[in-house]
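Visitor: I'm new to looking at protein structures. Could you walk me through this one?

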Amino acid sequence: MPTANEIAHAAGYSVRSIFERFPDLDALSLATADYAIAAGQAQAPAQNVDGDRPTRIASHVRIRAQSCERWSPLWRILTSPATQGQLAALAMRAKAVRRANVERLELMYRPELAALGALQREQLLITLATLTSFESWDQMRGGFGLSPEAAESVWRSAIDRLLPSE
């Protein structure tokens, strides 16, 4: 986490100016997280929800990959043990982002999920949410050195294999 001096310097403001707007760094952190989450959601509207299966998978993966590519650095800060220990409110925001990912999965793969019983549906959603998480993206990109295109291909293939036939 950056210091107040580092934040002020990067923003081109004085430290005093920062604290005139935010009572402390925790409030600034929460405001930053809220802004980033709203911006991320606005930049990633669901597309091709009524398309055929390959179109829905490709659309979902492309949008999710763009979000992960853009927001993974902030996600690492948001979910780091040090940050989570300092601010329980950040942990709640991380949960909300994860829930939004599940809601997107439910929307994009409604036809396939409709064929499943409640337990199978829940287990598949957990699997898909884990597969398309920021952590998964970070592992493919940083851990395995995949290009964005190669990582998207992995996701498309895995999602298609995991989803039941309609």
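**Salt bridges and a pocket**

Guide: Let's start with Arg-99, which counts as partly exposed at 41% relative accessibility. Keep in mind that this is a predicted model.

Visitor: Is Arg-53 buried or exposed?

Guide: The cut-off for buried is under 20% relative accessible area. Arg-53 has 16% relative accessibility, so this residue counts as buried.

Visitor: How many residues apart in sequence are the parts that Arg-53 and Asp-160 tie together?

Guide: The side chains of Arg-53 and Asp-160 meet in a salt bridge, at 2.8 Å from N to O. Arg-53 sits in helix 4 and Asp-160 in helix 10, so the parts they tie together are apart in sequence by 107 residues.

Visitor: Which residue forms a salt bridge with Arg-76?

Guide: Arg-76 lies in helix 4, and the partner is in helix 9, so the pair ties together parts that are 62 residues apart in sequence. The closest N and O atoms are 2.9 Å apart, and the partner is Asp-138.

Visitor: Which helix gives the largest share of the lining of the largest pocket?

Guide: That pocket holds about 420 Å³ of space. Helix 3, helix 4 and helix 6 each give two or more residues to its lining. The largest share, eight residues, comes from helix 4.

Note on methods
Residues are numbered from 1 along each chain as its sequence is written. This is a predicted model: local features need pLDDT of at least 70, side-chain atom pairs count only at pLDDT 80 or more; totals for chains, interfaces and linings use all residues. Side-chain values use heavy atoms; hydrogens and water are left out. On a 1 Å grid over the protein atoms alone, a cavity is a set of points where a 1.4 Å probe fits but cannot get out, and a pocket is an open set with protein on both sides within 12 Å along at least five of seven lines; lining residues have an atom within 4 Å of a point. Grid points are joined across faces, edges and corners, and a volume is the space filled by probe spheres set on the points. Helices (H or I, at least four residues) and strands (E, at least two) are DSSP runs, numbered from the N terminus. A salt bridge is a side-chain nitrogen of Lys or Arg within 4 Å of a carboxyl oxygen of Asp or Glu. Buried means under 20% relative accessible area, exposed over 50%, partly exposed in between (1.4 Å probe, protein chains only).
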